[in-house]
Amino acid sequence: MKDKLGISYVAAHRLKRKIIAELLLPHGGIIGECILMPDDSGDWLDDQDLDELDQFLNSMR
């Protein structure tokens, strides 16, 4: 992520943590309201979704 955005590792790590923290809010916080859609059950994010998000963000290192 740091290379793709051209920022330091510390800034990339902080950004990742802030994104995850925001997505853990009800309905994914403001980020979730903008980019996420509820699944068929009406849930926004479950543990599997969060694991997939974490793997994606880790792949951007």
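These legends accompany close-up views of a predicted model.

View 1. Read in sequence order, the pattern is α-α-α-α. Of the 61 residues in the chain, 16% are buried. If we take contacts between residues at least 6 apart in sequence, 38% of them join residues at least 24 apart.

**View 2. Helix 2 packs against helix 4.** Two packed helices are described by the angle between their axes and the distance between the axes. For helix 2 (residues 9–23) and helix 4 (residues 47–59), the axes come within 11 Å and cross at roughly 165°. Because that angle is over 145°, helix 2 counts as roughly antiparallel to helix 4. The crossing of this pair is right-handed.

**View 3. Side by side: the residues where helix 2 and helix 4 meet.** From helix 2, look for Lys16, Arg17, Ile20 and Leu23; they meet Leu53, Asp54, Leu57 and Asn58 in helix 4. The residues of this contact divide into four nonpolar, one polar and three charged.

**View 4. How confident is the prediction along the chain?** The average pLDDT of the chain is 77, and 79% of the residues score at least 70. Among the elements of the chain, helix 2 has the highest mean pLDDT, at 88, while helix 4 has the lowest, at 76. A friendly word for anyone zooming in: where pLDDT is low, the predicted coordinates should not be read in detail.

Note on methods:
Residues numbered from 1 in each chain as written. Predicted model: local features only at pLDDT ≥ 70, side-chain atom pairs only at ≥ 80, totals over all residues. Heavy atoms only, no water. Axes fitted to C-alpha atoms, helices over the stretch in contact; angles between N-to-C directions. Helix = DSSP H or I, 4+ residues; strand = E, 2+ residues; numbered from the N terminus. Parallel < 35°, antiparallel > 145°, perpendicular 65-115°, else oblique. Left-handed = near helix turned anticlockwise from the far one by under 90°. Contact = heavy atoms within 4.5 Å. Nonpolar A, V, L, I, M, F, W, Y, C, P; charged D, E, K, R; others polar. pLDDT = per-residue confidence, 0-100. Buried < 20%, exposed > 50% of the residue type's maximum accessible area, 1.4 Å probe, protein only.
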